[in-house]
Amino acid sequence: DKMPFAAAQIGLGFRNEIAPRSGLLRVREFCMGEIEHFVDPNNKDHPNFPAIAGKELVLFGRDDQLGSGKTKKVAIGDAVKAGLVNNQTLGYFMARTQLYMEKIGMDPERLRFRQHLATEMAHYAADCWD
């Protein structure tokens, strides 16, 4: 009776890079946002999912990362149905993120979602996309 539960944060992330020729260490700074949305593991449906099920997203699934290296453009409803995206709630928020990015002026042709590999996911995650 305490689900769903969500937490969001925005903050800075850093990545260190070593320049191969000069051996310099550069620190790259990124502003990142993250949402952790926890749902009942026995019911991951979202009541508003049918309204966005036809939204097409560019997806880079883990099998494609390890295989063809190519992205796929697919309706989120089809991706959930095929099991590429684990559940309706995740698919709903992916589509809403895409719609938000488009609304603020980002070119949809330059957007894609990359699925985390099994070795990159939190132990409690069923699926995760950036």
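This is a predicted model: local features need pLDDT of at least 70, side-chain atom pairs count only at pLDDT 80 or more; totals for chains, interfaces and linings use all residues.
**Entry 1: Lys-73**

I started with Lys-73, which touches Glu-56, Leu-57, Val-58 and Glu-109, leaving out residues up to four places away in sequence; contact here means heavy atoms within 4.5 Å. I placed Lys-73 in strand β4, residues 72-75. Helices (H or I, at least four residues) and strands (E, at least two) are DSSP runs, numbered from the N terminus. Lys-73 comes out exposed at 51% relative accessibility, given the cut-offs: buried is under 20% relative accessible area, exposed over 50%, partly exposed in between, with a 1.4 Å probe and protein chains only. I also checked Lys-73 against Val-39: they are 34 residues apart along the chain, and their C-alpha atoms are separated by 27 Å.

Residues are numbered from 1 along each chain as its sequence is written, and side-chain values use heavy atoms, with hydrogens and water left out.

**Entry 2: overall layout**

I get 4 helices and 5 strands, in the order β-β-α-β-α-β-α-α-β along the sequence. The C-alpha trace spans about 55 × 35 × 30 Å along its principal axes. Of the 130 residues, 26% count as buried. For contacts between residues at least 6 apart in sequence, 51% join residues at least 24 apart.

**Entry 3: the core**

Next I looked up the largest nonpolar core, which has 14 residues; Leu-59, Ile-76, Val-85 and Met-94 have the most contacts inside it. α1 (49-52), β3 (56-60), α3 (76-82) and α4 (88-103) each supply at least two residues of this core. The term covers buried Ala, Val, Leu, Ile, Met, Phe, Trp, Tyr and Cys residues joined through side-chain atoms within 4.5 Å. I followed up Val-85: beyond its neighbours within four places in sequence, its contacts include Leu-59, Ile-76, Met-94 and Trp-129.

**Entry 4: cysteines**

I searched the whole structure for disulfides (cysteine sulfur atoms within 2.5 Å) and found 0. Cys-31 is in none; the nearest cysteine sulfur, that of Cys-128, is 18 Å away. Cys-31 is exposed at 64% relative accessible area, and Cys-128 is partly exposed at 25%.

**Entry 5: pockets**

The largest pocket has a volume of about 1800 Å³. On a 1 Å grid over the protein atoms alone, a pocket is an open set of points where a 1.4 Å probe fits, with protein on both sides within 12 Å along at least five of seven lines; lining residues have an atom within 4 Å of a point. Points are joined across faces, edges and corners, and the volume is the space filled by probe spheres set on them.

I count 44 lining residues for the largest pocket, with Glu-34, Ile-35, Cys-128, Trp-129 and Asp-130 nearest its centre. By class that lining has 25 nonpolar, 10 polar and 9 charged residues. Ala, Val, Leu, Ile, Met, Phe, Trp, Tyr, Cys and Pro count as nonpolar, Asp, Glu, Lys and Arg as charged, and the others, Gly among them, as polar.

The second largest pocket has a volume of about 180 Å³. Val-85 turns up again here, among the lining residues along with Arg-62, Lys-72 and Asp-127.
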